[in-house]
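Hi everyone, thanks for coming. Have a look at the chain on the screen, and then I'll walk you through it.

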Amino acid sequence: MDIVIVIPLIIVCLPIMVVIWLGIWAVMGMPVIFCQERPGYKGRSFKIYKFRTMDISVDKETNTLSDGQRLTLLGRFLRSTSLDELPELINVLKGDMSLVGPRPLLPQYLARYSSEQSRRHDVNPGITGWAQINGRNAISWEDKFKLDLWYVDNWSISLDLKIILMTLWKLKKVEDINQPGQVTAKEFMGDRENGKKI
């Protein structure tokens with residue numbers, strides 16, 4: 001299903017991707033694509049592709065500025081519309097990701113998961129997912145992982161199609177991009193009390 005959908009989707013989105021590419025190049029310069037290692041199925045590492053949304057500004061001591069200071073106006077627009085994630089269609093084509101599944105998070109989170117939370121890697125990560133249409137970044141990590149695990153335990157093709165349709169509706173409304181007061185998603189730290197993970 002991924003391949004059947006993603007190939008025509010790439011063709012349809014190609015003109016939009018070209019315009020975004022030129023816009024980022026004009027505003028922020030090269031590189032246009034942001035690449036980062038992420039854990040995928042069974043925790044195996046892969047490189048995720050996104051359009052770059054931040055510049056490389058530094059302070060007088062050459063320290064990298066905060067995410068909020070580096071996020072450009074164009075970057076905010078791309079994130080609010082999720083257009084920055086269009087290059088992930090290539091990840092789906094390569095088999096690193098699916099259209100639907102738990103979002104691929106940072107590698108350092110692997111050591112912070114409980115054994116139950118680690119089950120989110122029993123399926124391919126996705127561009128969108130059950131957690132994305134039920135609160136996205138506006139909900140807590142605990143709730144996000146519960147939604148991810150519900151998806152893992154209840155996966156079906158009909159559920160994937162439902163999530164894709166609901167994602168399109170959510171994109172029209174442009175909501176739940178971040179938690180209040182946060183420019184990017186708050187880092188997941190696990191439960192540090194008594195040295196235990198949640």
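So, where is lysine 42 found? Lysine 42 sits in the loop between strand 1 and strand 2. When I say helix or strand, I mean DSSP runs, helices being H or I with at least four residues and strands being E with at least two, numbered from the N terminus.

Before I go on, a word on where this comes from. This is a predicted model, in which local features need pLDDT of at least 70 and side-chain atom pairs count only at pLDDT 80 or more, while totals for chains, interfaces and linings use all residues. Residues are numbered from 1 along each chain as its sequence is written, and side-chain values use heavy atoms, with hydrogens and water left out.

Back to lysine 42. Its phi is near 60°, which is a positive value in a residue other than glycine. Lysine 42 has 48% relative accessibility, so it counts as partly exposed. The cut-offs are these: buried is under 20% relative accessible area, exposed is over 50%, and partly exposed is in between, using a 1.4 Å probe and protein chains only. Serine 82 also has a positive phi, near 65°, and it belongs to the loop between helix 3 (73-81) and helix 4. Serine 82 counts as buried because its relative accessibility is 15%. Proline 31 lies in the loop between helix 1 and strand 1 (33-39).

Now the overall layout. We have six helices and four strands, and along the sequence they run α-β-β-α-α-α-β-β-α-α. There are 198 residues in the chain, and 40% of them count as buried.

Let's go inside. A nonpolar core here is a set of buried Ala, Val, Leu, Ile, Met, Phe, Trp, Tyr and Cys residues joined through side-chain atoms within 4.5 Å. The largest one has 29 residues, and Ile24, Phe51, Leu86, Leu89, Trp130, Tyr151 and Ile163 touch the most other members. Elements giving two or more residues to this core include helix 1 (2-28), strand 2 (45-51) and helix 6 (157-173). Which helix gives the most to this core? That's helix 1, with seven residues.

Take tyrosine 151 as an example. Leaving aside neighbours within four places in sequence, tyrosine 151 is in contact with residues including Val100, Val123, Trp130 and Ile163; contact means heavy atoms within 4.5 Å. Apart from that core lies another one of six residues, among them Leu105, Tyr113, Trp141 and Phe145.

Tyrosine 151 turns up again in the lining of the second largest pocket, along with others including Met1, Ser98, Trp155 and Asp160. Strand 3 and helix 6 each supply at least two residues of that lining.

On to charges. Side chains of opposite charge can pair when their charged atoms come close. How many salt bridges does the structure hold? Nine, where a salt bridge is a side-chain nitrogen of Lys or Arg within 4 Å of a carboxyl oxygen of Asp or Glu.

Here's one: glutamate 187 pairs with arginine 112, and their closest N and O atoms are 2.9 Å apart. Glutamate 187 lies in the segment after helix 6 and arginine 112 in the loop between strand 3 and strand 4 (126-128), so the pair ties together parts that are 75 residues apart in sequence. Glutamate 187 is partly exposed, at 38% relative accessible area, whereas arginine 112 counts as buried at 12% relative accessibility.

Next, arginine 120 forms a salt bridge with aspartate 148, with 2.8 Å between the closest N and O atoms. That pair links the loop between strand 3 and strand 4 to helix 5, 28 residues apart. Arginine 120 and aspartate 148 are both buried. There's also a network, in which salt bridges that share partners join Glu85, Glu88 and Arg103.

Last stop: lysine 50, in strand 2. Lysine 50 is buried but has no salt bridge, and the nearest side chain of opposite charge, glutamate 88, is 4.2 Å away. For charge, Lys and Arg count as positive and Asp and Glu as negative, while His and the chain ends are not counted. Beyond its neighbours within four places in sequence, lysine 50 has contacts including Val32, Phe34, Asp84, Glu88 and Arg103.

And what did I mean by a pocket? On a 1 Å grid over the protein atoms alone, a pocket is an open set of points where a 1.4 Å probe fits, with protein on both sides within 12 Å along at least five of seven lines, and lining residues have an atom within 4 Å of a point.
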